[in-house]
Amino acid sequence: MNPSTDQAVPPSGHPVLVLNGPNLNLLGVREPGIYGRDTLAAIEARCHSTAAGLGLRADFRQSNHEGVLTDAVQEARTAHRGIVINPAGYGHTSVALRDALAAAGVPVVEVHLSNIHRREPFRHHSYVSGVADAVICGAGAHGYSLALTHLARLLEDAR
């Protein structure tokens, strides 16, 4: 709160969207041998900390619904400076999400917890990768920090 106005002080930093797709709400319990033991809440806390250290503000979201994710990407066109997205299974199936990202007009970094290229063949292709500025996969939860760091560099380079 700002003592002189009794109004909430908005968080500092450039807003970036950190968007998470289906089933990521189950992190920590869903196939920990593949996806790790970190919960989505732990990843979110790390993202907020990493973003703040980079002069960014993470708007962290998760949905199991393709339309909700697409709406969030469309909102990011005017509300955010960049997007970090873990599209999860929708990376392999969603042309709609790919098209929204292509139209976003902000830098996009795709992140996957596992190395999708060492998994089942259907996971080797991501529609998102074709419109992302960078792709980070196989680094586990640390991939989010790497993605935010790279996004900060992209934003700095664009200045």
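1. His 80 is placed in the loop between H3 and S3. In this predicted model, the residue is buried, with a relative accessible area of 7%. The side chain of His 80 makes a polar contact of 2.9 Å with the side chain of Asp 59. Leaving aside residues up to four places away in sequence, His 80 touches Pro 15, Val 16, Leu 17, Asp 59, Arg 61, Glu 75 and Val 106.

2. Val 106, one of the residues that His 80 touches, is found in the loop between H4 and S4. Val 106 counts as buried, at 15% relative accessibility. The C-alpha atoms of Val 106 and His 80 are 7.9 Å apart in space, while the two residues are 26 apart in sequence. Beyond residues up to four places away in sequence, Val 106 touches Ala 76, His 80, Arg 81, Gly 82, Ile 83 and Asp 133.

3. Helix H3 covers residues 66-79, 14 residues in total. From its first C-alpha to its last, H3 reaches 20 Å, close to the 20 Å expected at 1.5 Å a residue. The buried residues of H3 are Leu 69, Thr 70, Ala 72, Val 73 and Ala 76. Viewed down the axis of H3, these buried residues fall within an arc of 160 degrees, so they line one face of the helix. The buried residues of H3 pack against S1, S2, strand S3 (83-86) and helix H4 (95-103).

4. The largest nonpolar core has 26 residues, of which Val 18, Ile 43, Val 84 and Tyr 144 touch the most other members. Two or more residues of this core come from each of strand S1 (14-20), helix H2 (40-53), strand S2 (56-62), strand S4 (108-112), strand S5 (134-137) and helix H5 (142-157). H5 gives the most to this core, with six residues. Apart from this core lies another, of 18 residues, including Leu 69, Ala 72, Tyr 90 and Leu 97. Two of these, Leu 69 and Ala 72, are among the buried residues of H3. As a general matter, nonpolar side chains tend to be buried together in soluble globular proteins.

5. Not counting residues up to four places away in sequence, Val 18 touches Cys 47, Ala 58, Asp 59, Phe 60, Arg 61, Val 84, Tyr 144 and Leu 148. Among these residues, Val 84 and Tyr 144 are also named with Val 18 as touching the most other members of the largest core. Asp 59, which touches Val 18, is the polar partner of His 80 described in the opening point.

6. The structure holds zero disulfides. Cys 47 is buried, at 2% relative accessibility. The sulfur of Cys 47 lies 17 Å from the closest cysteine sulfur, in Cys 137, which is too far for a bond. Cys 137 is likewise in no disulfide, the nearest cysteine sulfur being that of Cys 47, 17 Å away. Cys 137 counts as partly exposed, at 24% relative accessibility.

7. The loop between S3 and H4 contains Ser 94 and Gly 89. Ser 94 is buried, at 1% relative accessibility, whereas Gly 89 is partly exposed, at 34%. The side chains of Ser 94 and Glu 66 are joined by a polar contact of 2.4 Å. With residues up to four places away in sequence left out, Ser 94 touches Glu 66 and Tyr 127. Gly 89 and Ser 126 are 37 residues apart in sequence, and their C-alpha atoms are 9.0 Å apart in space.

8. Asn 23 is found in the loop between S1 and helix H1 (32-35), and Glu 31 lies in the loop between S1 and H1. Asn 23 is partly exposed, at 35% relative accessibility, and Glu 31 is partly exposed, with a relative accessible area of 39%.

Terms used
Residues are numbered from 1 along each chain as its sequence is written. This is a predicted model: local features need pLDDT of at least 70, side-chain atom pairs count only at pLDDT 80 or more; totals for chains, interfaces and linings use all residues. Side-chain values use heavy atoms; hydrogens and water are left out. A nonpolar core is a set of buried Ala, Val, Leu, Ile, Met, Phe, Trp, Tyr and Cys residues joined through side-chain atoms within 4.5 Å. Buried means under 20% relative accessible area, exposed over 50%, partly exposed in between (1.4 Å probe, protein chains only). Helices (H or I, at least four residues) and strands (E, at least two) are DSSP runs, numbered from the N terminus. Contact means heavy atoms within 4.5 Å. The expected span of a helix is 1.5 Å times one less than its number of residues. The arc is that of the directions from the helix axis to the C-beta atoms. A disulfide is a pair of cysteine sulfur atoms within 2.5 Å. A polar contact is a pair of N or O atoms within 3.5 Å; within protein, one must be able to donate a hydrogen and the other to accept it, and residues adjacent in sequence count only if both atoms are side-chain atoms.
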